Amino acid sequence: MKNHSFRTEDILKFIIPSLIGIGLFMFPVMYKDELTIPIAILAKLLGNLLGDTIPAIMTAIITITALATVLTKIVKPSFTKRDSFFNNLLNVSIFWTVVRVLAMFIAIMTLFEIGPEVVWSEVTGAVILFDLLPVLLTVFLFAGLFLPLLLNFGLLELFGALLTKIMRPLFKLPGRSSIDALASWLGDGTIGVLLTSKQYEEGYYTKREAAVIATTFSIVSITFSLVVITQVKLGSMFIPFYITIGVAGFIAAIIMPRIPPLSRKPDTYYNGEEKEEKDLIPAGYSPLKWGYTQAVDRAAKNKSAGKFFRDGGRNVLDMWMGVAPIVMTFGTIALILAENTKLFVYLGMPFIPLLELLQIPHAAEASKSLIVGFADMFLPAILASEIPSDLTRFVVAAVSVTQLIYLSEVGGVILGSKVPVSLWEMFVIYILRTLITLPVIALMAHLFFF
């Protein structure tokens, strides 16, 4: 066993930033009668300060992104050749270039209410630009700036060693993935996706692990879960509701990594290298001692405050310019389809026999909500709010939370990130999660409403 003698300076480099990171991202606090985290509070305060200017700011960011991307494809400016970050950010494929340009047009049409109303109405483009993107602007700013506190100072190394014996056998994942889930649960699913994407790019997760974590552990925050159950007029049942989604989500997290498409993802890293076991604890070390050793070694590599803020600033640009256009485009298209076509009604029809088998009242009304959540997570709760049966509303609300993948937020963020999951794969994962969690939720609902 190697003896490690750490400098006090390096130990403090691990302890202080990690504690600040835990405080910002994972320490639950009550704010205006809501359980949340400091990052979310900072985002809300900035949102209140900027107010109605945020949609215009996001439109400007999306427009600059589209124009810079087109310019990069045509001119190939020298700064993108010199800097790999800007090359990766702006020199994207033709498909993503088209998506960014389309996002620019949708955002401008929505901001100024020009063109076909179906694009910018209050139930389509306006939902994304005026309701969702303001949240993402502020959350991405603070989450991006302070993400290095979780990534760069040893916290993930410590948790990786401590929890690998739990995460590996249960979920086939490294121990450090527990941080992603916790950040999502207390903060927001998008924070978990961004945390996962960054670790995947840095070589800590394989393609399979990154895909599993982003689609299985980027869970809905406890705050938004309360919003959902309140929307279906069952706020008094929040505790049984959260127990239900916890049990259903746990079962889905065990099953999903073991079946396609996630099980078929290659165990290779972002750079193409084959998987190597990074969780092994050397002989002579306890999990705690090995985790601590790795954590302080990692913290010691941070030499300047400038690099911290440069990494944080680049995270913010990556989120704003890489993710926002994707959310604008795919979120709006999904909502247009949900509001103006029978697509989700037809897609939900195969679920009617299953709902009837599970003895869920008003199966036809409930079936629509099971698929429409792929467009936006809040749509099922809105549709279900008028269903007469308390049991059915409870089931619809719980399923909508455990489905996780919805294009107007988490799904759009996954598409805009480096996590290797396609749109089609996300839809398949969404359906599989529905089929897995629905029977569990129905069973527990019958127990609670007996």
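This briefing walks through some helix packing and aromatic contacts in the structure above. The model is a predicted one. Helix H6 packs its buried residues against several other helices, and the aromatic pairs come to a count of 19. Here is a friendly tour, topic by topic.

**Where H1 meets H2**

- Helix H1 covers residues 8–25 and helix H2 covers residues 38–50; their axes come within 5 Å and cross at roughly 60°.
- On the H1 side the contact involves Gly23, Leu24 and Phe25, and these meet Pro38, Ile39 and Leu42 in H2.
- Sorted by class, this contact of H1 with H2 holds 5 nonpolar residues, 1 polar residue and no charged residues.

**Helix H6 and its surroundings**

- H6 runs over residues 94–112, and its 19 residues reach 27 Å from the first C-alpha to the last, close to the 27 Å expected at 1.5 Å a residue.
- The buried residues in H6 are Thr97, Val99, Arg100, Ala103, Met104, Ile106, Ala107, Met109 and Thr110.
- Their packing partners are helix H3 (54–75), helix H5 (84–90), helix H7 (117–120), helix H8 (125–151) and helix H16 (305–340).
- Just after H6 comes Glu113, which takes a positive phi of about 50°.

**Aromatic pairs**

- A pair of aromatic rings is described by the distance of the centres and the angle of the planes.
- The count of aromatic pairs in this model is 19.
- Phe153 is buried, with a relative accessible area of 9%, and Phe308 counts as buried at 15% relative accessibility.
- Phe241 and Phe394 form an edge-to-face pair, with 5.9 Å centre to centre and 85° between the planes.
- This pair links distant parts of the chain, with Phe241 in helix H14 (residues 238–255) and Phe394 in helix H21 (residues 390–403), 153 residues apart.
- Phe241 and Phe394 are both buried.
- Phe241 and Phe394 also belong to one aromatic cluster, together with Phe238, Tyr242, Phe448 and Phe449.

**A charge over a ring**

- The charged end of Arg176 sits over the ring of Tyr204, at 4.0 Å from the ring's centre.

Methods. Residues numbered from 1 in each chain as written. Predicted model: local features only at pLDDT ≥ 70, side-chain atom pairs only at ≥ 80, totals over all residues. Heavy atoms only, no water. Axes fitted to C-alpha atoms, helices over the stretch in contact; angles between N-to-C directions. Helix = DSSP H or I, 4+ residues; strand = E, 2+ residues; numbered from the N terminus. Contact = heavy atoms within 4.5 Å. Nonpolar A, V, L, I, M, F, W, Y, C, P; charged D, E, K, R; others polar. Expected span 1.5 Å × (residues − 1). Buried < 20%, exposed > 50% of the residue type's maximum accessible area, 1.4 Å probe, protein only. Phe/Tyr/Trp six-rings, centres within 6.5 Å; stacked < 30°, edge-to-face > 60°. Lys NZ or Arg CZ within 6 Å of the ring centre and 35° of its normal.
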